[in-house]
Amino acid sequence: MEIFDYDNILLLPRKCRVDSRSECDPSIVFGGRRFNLPAVPANMKTVLDETIAETLAASGHFYVMHRFDLDSVDFARRMRDKGLFVSISSGVKPHDHETIDRLAADGVGADYITIDIAHGHAESVRKTIEHIKTRLPQAFVIAGNVATPEAVIDLENWGADATKVGVGPGKVCITKLKTGFGTGGWQLSALKWCARVATKPIIADGGIRHHGDIAKSVRFGATMVMIGSLFAGHEESPGQTVEVDGKLYKEYYGSASDFNKGEYKHVEGKRILEPIKGRLADTLREMREDLQSSISYAGGRTLADLKKVNYVILGGENAGEHLFM
């Protein structure tokens with residue numbers, strides 16, 4: 001297989017079939033609902049909070065609420081009271097199973113549940129999927145994170161409705177440095193590799209640095225793309241605001257960092273400062289417009305048309321020599 005990442009790939013244009021890029025539709029159906037974009041903010045404490053989750057849900061965007069310092073049942077109930085869909089995160093520990101039991105017993109339920117651990121190809125994930133499917137059979141279960149086709153096959157067989165691909169490629173992830181494992185530096189290849197065997201949706205998680213990387217992710221098999229750093233650092237982002245040399249920044253740290261854990265134990269994440277980049281609504285609008293442009297370059301009208309384009313691999317010994325279908 002070819003080994004590459006987002007910076008090594010350029011998609012090749014096809015004849016444009018629209019008079020205006022605004023005719024292109026970047027929406028996607030995921031878990032029975034249609035969302036405006038195939039992009040979702042990472043379920044991290046410095047990326048979204050309840051207010052942002054409400055805003056996203058009410059405006060037709062997918063969200064996954066994080067599970068840190070949060071009563072997921074109370075959150076789910078408040079979202080239900082507002083007439084909004086419920087999308088929460090879950091770990092794999094006994095107290096996480098108890099949360100699922102409470103959601104079922106209270107009748108609140110959940111529309112989407114993301115089992116979110118660093119190494120998702122695990123027996124604990126199988127047991128948690130089984131627990132969710134027993135207690136909340138209508139919930140759409142996203143499981144991860146994984147990095148191999150074998151893991152995707154297992155998670156699908158265990159009952160996951162979608163799998164999340166990406167181990168340590170994020171901007172605040174140091175998994176490859178701390179463990180020697182992961183998809184950091186070849187996340188796009190890992191996505192392509194996993195998508196070949198998937199029969200259910202895949203969420204590409206991590207490594208996105210530019211809006212064009214979303215189009216590349218869709219080209220290589222992603223239904224949805226989870227993004228941390230591009231969604232962090234907004235005026236309304238929950239991270240602490242820090243001033244350095246007269247410029248304002250928001251803190252952004254990984255879920256496996258000591259800043260999130262509250263202790264330095266099994267740390268695989270770090271903290272950085274993201275320059276404040278304005279309002280989230282403006283980023284969502286720009287992201288939509290850029291994806292519309294991507295679709296027009298693909299010679300299409302819908303997101304699925306991105307899957308039809310050819311691409312070139314840049315850099316390395318074979319630079320400029322190969323064209324791929």
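Asp245 sits in the loop that joins strand 11 (241–244) to strand 12 (247–253). Hello everyone, and thanks for coming. Before I go on, please keep in mind that this is a predicted model.

So, back to Asp245. Its phi is near 50 degrees, which is a positive value in a residue other than glycine. For background, most residues other than glycine have a negative phi. Is Asp245 buried or exposed? Asp245 has a relative accessible area of 77%, so it counts as exposed.

You'll find Asp69 in the loop between helix 1 (50–58) and helix 2 (72–81). With a relative accessibility of 73%, Asp69 counts as exposed too.

Now let's look at an aspartate in a strand. Asp116 belongs to strand 6, which covers residues 112–116. Asp116 has a relative accessibility of 12%, and because the cut-off for buried is under 20%, Asp116 counts as buried. Which residues does Asp116 touch, leaving aside those up to four places away in sequence? The answer is Asn43, Arg67, Ser90, Gly144, Asn145 and Lys164.

Let me pick out Asn145 from that group. Asp116 and Asn145 are 29 residues apart in sequence, and their C-alpha atoms are 6.6 Å apart in space. Asn145 is part of strand 7. The peptide bond leading from Gly144 to Asn145 is cis, with omega near 5 degrees. As a reminder, most peptide bonds are trans. If you have the model open, have a look at that bond. Both of its residues, Gly144 and Asn145, are among the contacts of Asp116.

Strand 7 also brings us to the pockets. The second largest pocket holds about 300 Å³ of space. It is lined by 15 residues, and the closest to its centre are Ala118, His119, Val167, Phe181 and Gly182. Which elements give two or more residues to that lining? They are strand 7 (140–146) and helix 6 (175–179). By type, the lining of this pocket divides into 7 nonpolar residues, 7 polar and 1 charged.

What about enclosed space? The structure holds 1 cavity of 30 Å³ or more. The largest cavity has a volume of about 40 Å³. Its lining is made up of Met1, Glu2, Phe4, Ser189, Lys192 and Arg196. Sorted by type, those lining residues are 2 nonpolar, 1 polar and 3 charged.

Last topic: a pair of helices. Helix 3 (residues 94–106) packs with helix 4 (residues 123–135) at an angle of about 10 degrees, and their axes are 10 Å apart. Why do we call them roughly parallel? Because angles under 35 degrees count that way, helix 3 is roughly parallel to helix 4. On the helix 3 side, the contact is made by His97, Ile100, Asp101 and Ala104. Helix 4 contributes Lys127, Thr128, His131, Ile132 and Arg135. The residues of this contact split into 3 nonpolar, 3 polar and 3 charged.

Methods
Residues are numbered from 1 along each chain as its sequence is written. This is a predicted model: local features need pLDDT of at least 70, side-chain atom pairs count only at pLDDT 80 or more; totals for chains, interfaces and linings use all residues. Side-chain values use heavy atoms; hydrogens and water are left out. Axes are lines fitted to C-alpha atoms, for helices over the stretch in contact, and angles run from 0 to 180 degrees between N-to-C directions. Helices (H or I, at least four residues) and strands (E, at least two) are DSSP runs, numbered from the N terminus. Angles under 35 degrees count as roughly parallel, over 145 as roughly antiparallel, 65 to 115 as roughly perpendicular and the rest as oblique. Contact means heavy atoms within 4.5 Å. Ala, Val, Leu, Ile, Met, Phe, Trp, Tyr, Cys and Pro count as nonpolar, Asp, Glu, Lys and Arg as charged, and the others, Gly among them, as polar. On a 1 Å grid over the protein atoms alone, a cavity is a set of points where a 1.4 Å probe fits but cannot get out, and a pocket is an open set with protein on both sides within 12 Å along at least five of seven lines; lining residues have an atom within 4 Å of a point. Grid points are joined across faces, edges and corners, and a volume is the space filled by probe spheres set on the points. Buried means under 20% relative accessible area, exposed over 50%, partly exposed in between (1.4 Å probe, protein chains only).
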